[in-house]
Amino acid sequence: MLNSESILKLKTNGFIKVQKFLSDSELEKIQKICQYRCKSKGNKEGFFSHNFKSFLVKILKLNFKKFNDDLRIFKITKEKKLSYIGQNFFGKTVEINNIDGYISPKGNTVILPWHTDRAYTDKHGDKNIKNFLHPDDCNLKIFIYLTNVGPGNGCMSYIPKSHEIGYHIRKGIFTKKLQYSPYWSLKQFREFLKIKKNFDYITTSSDDKNLIDSFMKISENLKDAGESEFDYEANPGDAIIFSEGGIHRGSTPTKNDRLVLRYFYKPQKQSYTVFE
Ligand SMILES: [Fe+2]
């Protein structure tokens, strides 16, 4: 599905946009299922079976319509070779750990401000963290748009190469080389990088010695609302594939409701990097 050039782009920038990820006939069928099943984010109807157990539950409940719809949604993983993409992105064996879809209604509220996932906390930074995650415990997300999105209208925008900074932050905290302080929001992330010890550790760990400096420059004036230079147009059936460990946002769906279908992949535990 993705050629080696596209995989390289995904690894370098942390994301890639794929036009016509679904064919017209695939799109029609998938849209129909998602329009019927997907509600607001987190609603359980919008979760599709992604393993043997969840399919079995639907059979045992004699829920054949849901079973068949889930099967069609699941088939995309094979048709589009999603685990191959995940495997090549991480350089590790991967597993699927979620498939869901949801609607973000048209309005004035940003879907999610600039942030990184795998940061334990919300924008208040007030969670008491007991366990720090292994840096490989992080998803590659395949986001298929089922409605139109555009600049300042529901597109998932991404700051290139920020996934690499995110990885080094998580690694530094996990290996106790760095002290945790909140880094969920863009503002917190930037504050975290301004701490000299953090800056030095990440710069030493990365091959790109300009990584933080260029990130600081391009992220300096970003606002959560409105358009940004990282926004783009996408049509139903297009996809954006990205590491959740980089800085991204869901812009406000100002013109229409946004419907997306998502697949999550992450490295299998036994393939996590072992640190000394
Ligand atoms: Fe996110």
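A crossing of two helices is left-handed if the near helix is turned anticlockwise from the far one by less than a right angle, and right-handed if clockwise. The model discussed here is predicted. In this model, the crossing of H2 and H4 is left-handed.

**Helix pair H2 and H4**
- Helix H2 spans residues 24-37 and helix H4 spans residues 64-79; they pack at an angle of about 135°, with their axes 11 Å apart.
- H2 and H4 are therefore oblique to each other.
- On the H2 side, the contact is made by Glu 26, Lys 29, Ile 30, Ile 33, Cys 34, Tyr 36 and Arg 37.
- These meet Lys 65, Lys 66, Asp 69, Asp 70, Arg 72, Ile 73, Ile 76 and Glu 79 in H4.
- The contact of H2 with H4 has 9 charged and 6 nonpolar residues, and no polar ones.

**Nonpolar cores**
- The largest nonpolar core holds 35 residues, of which Ile 144, Ile 241, Leu 261 and Tyr 263 touch the most other members.
- Another core, of 25 residues, lies apart from it and includes Ala 119, Ile 159, Phe 192 and Ile 212.
- Leaving aside residues up to four places away in sequence, Ile 144 touches residues including Phe 21, Leu 22, Ile 76, Leu 259 and Tyr 263.

**Loop residues with positive phi**
- Most residues other than glycine have a negative phi.
- Leu 62 has a positive phi, near 55°, and is found in the loop between helix H3 (52-60) and H4.
- Leu 62 counts as exposed because its relative accessibility is 61%, and exposed means over 50%.
- Lys 81 also has a positive phi, near 50°, and sits in the loop between H4 and helix H5 (82-90).
- With a relative accessible area of 46%, Lys 81 is partly exposed.

Notes:
Residues are numbered from 1 along each chain as its sequence is written. This is a predicted model: local features need pLDDT of at least 70, side-chain atom pairs count only at pLDDT 80 or more; totals for chains, interfaces and linings use all residues. Side-chain values use heavy atoms; hydrogens and water are left out. A nonpolar core is a set of buried Ala, Val, Leu, Ile, Met, Phe, Trp, Tyr and Cys residues joined through side-chain atoms within 4.5 Å. Buried means under 20% relative accessible area, exposed over 50%, partly exposed in between (1.4 Å probe, protein chains only). Contact means heavy atoms within 4.5 Å. Axes are lines fitted to C-alpha atoms, for helices over the stretch in contact, and angles run from 0 to 180 degrees between N-to-C directions. Helices (H or I, at least four residues) and strands (E, at least two) are DSSP runs, numbered from the N terminus. Angles under 35 degrees count as roughly parallel, over 145 as roughly antiparallel, 65 to 115 as roughly perpendicular and the rest as oblique. Ala, Val, Leu, Ile, Met, Phe, Trp, Tyr, Cys and Pro count as nonpolar, Asp, Glu, Lys and Arg as charged, and the others, Gly among them, as polar.
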